[in-house]
Amino acid sequence: MVRLARRRGVGRAAPLLALRAARAGVSRVRRAVERVVDRSPRSVFLRALVTQPARVGAICASSPQLAARMAAWVDPAAPGLVVELGGGTGVITAALLARGVAPQRLVVIEQSPALARHLAQRFPQVRVVQGDAAELALLRAAPDWPRADDGAPLPVCCIVSGLPLLSIPPEVRQRILHAGAQVLAPGGRLLQFTYALRGSSPWQTAGLVSGGRERVLANLPPARIDVLERLGGG
Ligand SMILES: C[S@@+](CC[C@H](N)C(=O)[O-])C[C@H]1O[C@@H](n2cnc3c(N)ncnc32)[C@H](O)[C@@H]1O
C-alpha cells in the first residue's frame, strides 16, 4: 500500500517537475538571447533611439566612411586631448583609434547610460564619461578628467562632435555650443557632421571660424562635415 501511494505521488509530481524544468530552460535561453542582444551595437542604438529620438537624432549609426572622413581631419600627433561628443555605439571612436589617436588621449562624452556602458565595454582603454555635452566645462574640471603632472586638466586640442545639433532643443544647443567653444584650446579644431547640406555651422555663432567642409555621400542620409577652428594659439 505504502509503495503504491508513493508511486502515485511520483506519478503526480513528474509532470510538475517537467514543467518547472521546461520553464527554467526557457528563462535560461531568454537570458542568453538578451545577453547577445545587449551586446549588439545596433540594438543598443535602436533602444536609445526609441527612448530619446530627439537626442539620438539619427535613424542609424554613421557609416564607416563618414567616421573615417571625420577622423581624417584629426591630427593624431597634436598635443592635448581629443574629445568626442555623442559617441553613440562608437563608430567614430573606432575610426579615431584607427587614425592613430592614442586611447589615453581620447575622452568620449555620451548622455545615454546604455550607450555609455556599451562604449566603456567596447573601448576599455578609452575614458568614457556618461554625461551631458552642455556640461563640458564642469566635466573638464572633475577630478577624473585626464591631468598633466602639475594637476592641471589636459588641454583639448580637438573636439569631434556627432551631436544632432539640429534636433536638440535651442536652449540646450546654446549651452553645448558655448561649452564646446570655451573648452577648445586656442588654435584647436572642432569637427561636426550634419545632415543639413547647406548653411553655416551653428558653431560659428559661438565664435569658431570655418576652416573647411566636405560632403560625404556614402552615409544614410548623406552628410556634411564642418571643420571649425578656434583662433589663437600662435
Ligand atoms: C546622431 S547620434 C551619433 C552617434 C555616433 N557618434 C555616430 O556617428 O554614429 C548622436 C549621439 O549623441 C548623443 N547625445 C545627444 N545629446 C547629447 C548631449 N547633450 N551630450 C552627450 N551626448 C549626447 C546621443 O545619445 C547619440 O548617441
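Author: What follows goes through the sheet, a strand within it, the cores and some individual residues.

This is a predicted model, in which local features need pLDDT of at least 70 and side-chain atom pairs count only at pLDDT 80 or more, while totals for chains, interfaces and linings use all residues. Residues are numbered from 1 along each chain as its sequence is written, and side-chain values use heavy atoms, with hydrogens and water left out.

The sheet is open and consists of seven strands in the order S3-S2-S1-S4-S5-S7-S6, with mixed pairing. Strands (E, at least two residues) and helices (H or I, at least four) are DSSP runs numbered from the N terminus, and two strands pair if DSSP finds at least two bridges between them. The edges are taken by strand S3 (127–130) and strand S6 (209–216), each of which has a single partner strand, so one side of each is left without a neighbour in the sheet. From one strand to the next the twist averages 15°, where axes are lines fitted to C-alpha atoms, for helices over the stretch in contact, and angles run from 0 to 180 degrees between N-to-C directions.

Strand S1 (residues 81–85) has five of its five residues buried, so it is largely enclosed by the rest of the structure; buried means under 20% relative accessible area, exposed over 50%, and partly exposed in between, with a 1.4 Å probe and protein chains only. Leu81, Val83 and Leu85 point one way from S1, whereas Val82 and Glu84 point the other way, and all are buried. In a regular strand the side chains alternate between the two faces of the sheet.

S1 runs parallel to S4, to which five bridges join it, and Val83 has Ile159 of S4 opposite. S1 is also parallel to strand S2 (residues 106–110), here through four bridges, with Val82 opposite Leu106 of S2. Together with helix H5 (residues 91–99), S1 and S2 make a right-handed β-α-β unit, right-handed meaning that, with the strands pointing away from the viewer, the path from the first strand over the helix to the second runs clockwise.

Further along the sheet, strand S4 (residues 156–161) and strand S5 (residues 184–194) pair in the parallel sense over five bridges, and Val156 has Leu184 as its bridge partner in S5. Helix H8 (residues 170–183) packs on the sheet, where it touches S4 and S5, and its direction makes about 140° with that of S5.

The largest nonpolar core has 27 residues, and those with the most contacts inside it are Val83, Ile109, Leu136, Trp145 and Ile176; such a core is a set of buried Ala, Val, Leu, Ile, Met, Phe, Trp, Tyr and Cys residues joined through side-chain atoms within 4.5 Å. At least two residues of this core come from each of S1, S2, helix H7 (136–141), S4, H8 and S5, and the largest share, six residues, is from H8. Leaving aside its neighbours within four places in sequence, Ile176 is in contact (heavy atoms within 4.5 Å) with Ala133, Ala134, Leu163, Leu165, Ile168 and Trp203. A second, separate core of 25 residues includes Ala67, Ala95, Val126 and Cys158.

Ser201 lies in the loop between S5 and S6 and, at 3% relative accessibility, counts as buried. Apart from its neighbours within four places in sequence, Ser201 is in contact with Arg213, Arg224, Asp226 and Leu228.
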